[in-house]
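Here is a friendly walk through one protein chain.

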Amino acid sequence: AATMYAQSVHNRAIVEKGSGDSASCVSCHGAHDIKDWRDLSSPVNPGKLAATCGNCHPEVLAGYKDSVHGTAVVRGVPDAPVCKDCHGTHRILAVKDVAFGPASSCTSCHAAEKLGLRYGVSTDKVEGYEQSFHGLSARLGDRTVAACASCHGSHAIFPSSDPRSKINPANIPATCGKCHPGASENFAKGNVHAGPGGEGSFSKEWVERI
């Protein structure tokens, strides 16, 4: 754990930048009343971890707690992701590494067939992204192309039917417009992952094949 923490963004902020506000061991685990992470009263228990991280990242907590993931944690869903599942435990990753690195992985859950069947979540979206322009470009090492969080959000993630969702049809022009200035409502009509789906899917599928 100590070796992993030494490589984290928290420790680098202390060592390289002299930050006195960055998280150390006691920030998460406590000083004297340290408990095993499986203890429900532990500040690093999955049910309490978001609130613990939120002590330093309140704006992140505000978005996460109402999200599909945050509300699932409150309901007691055992597989619902908390901070550590995306950012790591001790070797906390930088944002750019969370977006594309192996520990990032939205795909570790959303491509898992067992989890998909358990919660009724389609795993086809991951394969579709990997076959899309964005996914292919990412596999070639492009770190400026859209990853999952670019469209869905990183913490405040909501179903597409929710008006707060970045991928709600009404919000897609603004979401896509961050990278594609002038994006129109047509961006909401196709399946942006790849393959059939959305208006004009037949033509789009052939364009992808070509």
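Let us begin with Arg38, which is exposed, with a relative accessible area of 56%. The model is a predicted one, where local features need pLDDT of at least 70 and side-chain atom pairs count only at pLDDT 80 or more, while totals for chains, interfaces and linings use all residues. Residues are numbered from 1 along each chain as its sequence is written, and side-chain values use heavy atoms, with hydrogens and water left out.

**Charged pairs**

Which residue forms a salt bridge with Arg38? The partner is Asp36, and at 38% relative accessibility Asp36 counts as partly exposed. A salt bridge here is a side-chain nitrogen of Lys or Arg within 4 Å of a carboxyl oxygen of Asp or Glu. In general, side chains of opposite charge can pair when their charged atoms come close.

| Salt bridge | N to O distance |
|---|---|
| Asp36 and Arg38 | 3.0 Å |
| Arg118 and Asp79 | 2.6 Å |
| Lys84 and Asp85 | 3.2 Å |

Look at the pair of Arg118 and Asp79. Arg118 lies in helix H10 (residues 113–119) and Asp79 in the loop between helix H6 (68–75) and helix H7 (83–87), so this pair ties together parts that are 39 residues apart in sequence. Asp79 is partly exposed, at 30% relative accessible area. In the pair of Lys84 and Asp85, Lys84 is partly exposed at 30%, and Asp85 is partly exposed at 35%.

**The whole chain**

The chain has 15 helices and zero strands. These are DSSP runs numbered from the N terminus: helices are H or I with at least four residues, and strands are E with at least two. Of the 210 residues of the chain, 27% count as buried. The chain exposes about 13400 Å², of which carbon and sulfur atoms supply 60%; such areas come from the Shrake-Rupley method with a 1.4 Å probe, and for residues only the protein chains shown count as cover.

Now find helix H2 (residues 9–17), where His10, Asn11 and Ala13 are buried. Seen down the axis of H2, its buried residues fall within an arc of 155°, so they line one face of the helix. That arc is taken from the directions from the helix axis to the C-beta atoms. On the other side of H2, Val15, Glu16 and Lys17 are exposed. Helix H1 (2–6) is included in what covers the buried residues of H2, where contact means heavy atoms within 4.5 Å. After H2 comes Gly18, with a positive phi near 70°.

**A nonpolar core**

Which residues make up the largest nonpolar core? There are eight in all: Val44, Leu49, Ala50, Tyr64, Ala72, Val73, Ala80 and Val82. Such a core is a set of buried Ala, Val, Leu, Ile, Met, Phe, Trp, Tyr and Cys residues joined through side-chain atoms within 4.5 Å. Helix H4 (46–54) and H6 each supply at least two residues of this core. Leaving aside neighbours within four places in sequence, Leu49 is in contact with Pro43, Val44, Val82, Cys83 and Lys84.

Note on methods. Buried < 20%, exposed > 50% of the residue type's maximum accessible area, 1.4 Å probe, protein only.
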